[in-house]
Structure formats: C-alpha cells, structure tokens
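Reader: I am new to reading protein structures. Could you please go through this one with me?

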Amino acid sequence: MFLKGQTGSHIEYVIPQLQKLLAPYCTEAVREMDIIGYDEKHNLFRVNQLTISKLKGYLNDQKVSFSSDLAYRNGTVAPETLEQNCLTYLKVDKKIRLENRKFEKDIVEEFEIEVLPNQICEIEHRMVYWVKAGEEPNTLTPTRFTSNVRAIINNRLTSDEIIVSGVLGLESESRIKAGEGIKIVEKFDCEPEIKVYDFVITKA
C-alpha cells in the first residue's frame, strides 16, 4: 500500500480521510426470498427474505470503521388482522446487532461496521414482510460498488404457482411451481446508486 512505512502527524491525519474516501466495496450480495404465504382477501404475499453482503476494504494494511444503515421504505402496511412486518435480526460477522424490530411500511436502522485488513466483513439480515401481489416492486440499488449480485426466489406455498416479471434485470417472465426455487437475477460489477433489478411477483 502506498502509505506503508510512513509515519508522522500527516499520515495520522490522512488515513481517516482515505478511509472515508475508500469505503469498503461489496464482493458479493445475495438476496434470497422465500414466499411463505398468501392472503387472498388482501392479495398479499408473505415474504421471508434473507440478505447477505460481504464487504472488503480497499486499504489492505488498514482497518476501516464506518457507519452504515439498513433501510426498507414504502412497503405494504400489514392489515390489522395480519402479522406485522418485522426485521427479525441483523448480524455483523455472526454477532447480533438488532433483532425483532416491528415496523409498518418503513424501517431505517443505523449500525457500525469495522472491516479488518485483508478480511471479509459479513452482514446478514432477515426480514419478514407483506408484498402486494402483482403491484409492489422489489428493487435493489447498491450503495457501494458490488462485484456480484444474486437474487433467488423460493416458492414455499403449498400448491400455488407464482410468476416473477419485470422490466429491469430479468430477461423474461419466470414461473415458479410450489416447492421450487430459481435464481432470477445475477449481475456483475454493479456501480453504486444504479438500480440492478426491479420485478413484481404475481399469483398464477
């Protein structure tokens, strides 16, 4: 690394500045959505979603500490008779940071991350929430450069087939039978703040 071997107050000053500039990139982001229920009255799917992101620093000989946030916005509010939306847990390197956070349509939770030199920091969170069938988009827009993005959908319904369709990220409509699952999106070298996919799920 270009600062290796240098010492002094000027180095102590510039390292935090570089850490802010060279925030970690994401080597891999995987989102796996299990469709676990369907409420016919309100035309809502119940989704159990697991997201795992692996971060690595650009500075090979320095740890990087920074603030991040987990955000989910403009979701479907659960009807009074149904279970609420919930952030089940957030883990950073297998350690629980947040758990059992109920919400209506928005949740934003800040947390601290430390990426050690030449190591991967794994962030994992699980959410259970309602999605309006055929209407509500499921999107992903990375906040940092991401080398590999994958989205997987598993149909855990007992008998109903589901249809996944969209205009961004999907080459064609996908039909998923009950008990089956498919990888619907895989993208490489995704730049920050550019939407990677946008799709909706419908009951066949």
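**A guided conversation**

Author: Among contacts in the protein chain between residues at least 6 apart in sequence, 74% join residues at least 24 apart. Please keep in mind that this is a predicted model.

Reader: How many helices and strands are there in the protein chain?

Author: The protein chain has one helix and 13 strands. Along the sequence, the pattern reads α-β-β-β-β-β-β-β-β-β-β-β-β-β.

Reader: What box do the C-alpha atoms fill?

Author: Taken along the principal axes, the box is roughly 65 × 35 × 25 Å.

Reader: And what percentage of the residues count as buried?

Author: The protein chain has 204 residues, and 46% of them count as buried.

Reader: Let us turn to cysteines. How many disulfides does the count come to?

Author: The count comes to zero disulfides. The closest cysteine sulfur to that of Cys 26 belongs to Cys 190, and at 9.4 Å it is too far for a bond. Likewise, Cys 190 is in no disulfide, its nearest cysteine sulfur being that of Cys 26.

Reader: What cut-off is used for a disulfide?

Author: The two sulfur atoms must lie within 2.5 Å.

Reader: Is Cys 26 buried or exposed?

Author: Cys 26 counts as buried, because its relative accessibility is 3%. Cys 190 also counts as buried, with a relative accessibility of 8%.

Reader: Now salt bridges. How many does a search of the whole structure find?

Author: The search finds 12 salt bridges. One of them is formed by the side chains of Lys 54 and Glu 28, with an N to O distance of 3.4 Å. Lys 54 is in strand 2 (residues 44-56) and Glu 28 is in strand 1 (residues 25-39), so this pair links distant parts of the chain, 26 residues apart.

Reader: How accessible is Lys 54?

Author: Lys 54 counts as partly exposed, at 27% relative accessibility.

Reader: With which Arg does Glu 28 form a salt bridge?

Author: Glu 28 forms a salt bridge with Arg 150, and the closest N and O atoms are 2.8 Å apart. Since Glu 28 lies in strand 1 and Arg 150 in strand 9 (residues 146-155), the pair ties together parts that are 122 residues apart in sequence.

Reader: Which other pair could we look at?

Author: The side chains of Glu 83 and Arg 46 meet in a salt bridge at 3.7 Å, N to O. Glu 83 lies in the loop between strand 3 (64-72) and strand 4 (85-92), while Arg 46 is in strand 2, so the pair ties together parts that are 37 residues apart in sequence.

Reader: Are Glu 83 and Arg 46 buried or exposed?

Author: Glu 83 counts as exposed at 54% relative accessibility, whereas Arg 46 counts as buried at 6%.

Reader: Which residues do salt bridges that share partners join into one network?

Author: Glu 28, Lys 54 and Arg 150 are joined into one network in this way.

Reader: Where is Asn 148, and what does it touch?

Author: Asn 148 is in strand 9 and is buried, with a relative accessible area of 9%. Leaving aside residues up to four places away in sequence, Asn 148 touches Thr 27, Glu 28, Ala 29, Glu 186, Lys 187 and Phe 188. A polar atom of the Asn 148 side chain lies 3.4 Å from the backbone oxygen of Lys 187.

Reader: A new topic, please: what volume does the largest pocket have?

Author: Its volume is about 1,100 Å³. The lining of the largest pocket consists of 40 residues, and those nearest its centre are Arg 31, Ala 71, Leu 140, Thr 141 and Thr 143.

Reader: Which strand gives the largest share of the lining?

Author: Strand 3 gives the largest share, with six residues. The elements that give two or more residues include strand 1, strand 7 (120-132) and strand 13 (197-203).

Reader: Finally, where does Gly 179 lie?

Author: Gly 179 lies in the loop between strand 11 (174-176) and strand 12 (181-190), and it is exposed, with a relative accessible area of 58%. Beyond residues up to four places away in sequence, Gly 179 touches Asn 155 and Leu 157.

Key
Residues are numbered from 1 along each chain as its sequence is written. This is a predicted model: local features need pLDDT of at least 70, side-chain atom pairs count only at pLDDT 80 or more; totals for chains, interfaces and linings use all residues. Side-chain values use heavy atoms; hydrogens and water are left out. Buried means under 20% relative accessible area, exposed over 50%, partly exposed in between (1.4 Å probe, protein chains only). A salt bridge is a side-chain nitrogen of Lys or Arg within 4 Å of a carboxyl oxygen of Asp or Glu. Helices (H or I, at least four residues) and strands (E, at least two) are DSSP runs, numbered from the N terminus. A polar contact is a pair of N or O atoms within 3.5 Å; within protein, one must be able to donate a hydrogen and the other to accept it, and residues adjacent in sequence count only if both atoms are side-chain atoms. Contact means heavy atoms within 4.5 Å. On a 1 Å grid over the protein atoms alone, a cavity is a set of points where a 1.4 Å probe fits but cannot get out, and a pocket is an open set with protein on both sides within 12 Å along at least five of seven lines; lining residues have an atom within 4 Å of a point. Grid points are joined across faces, edges and corners, and a volume is the space filled by probe spheres set on the points.
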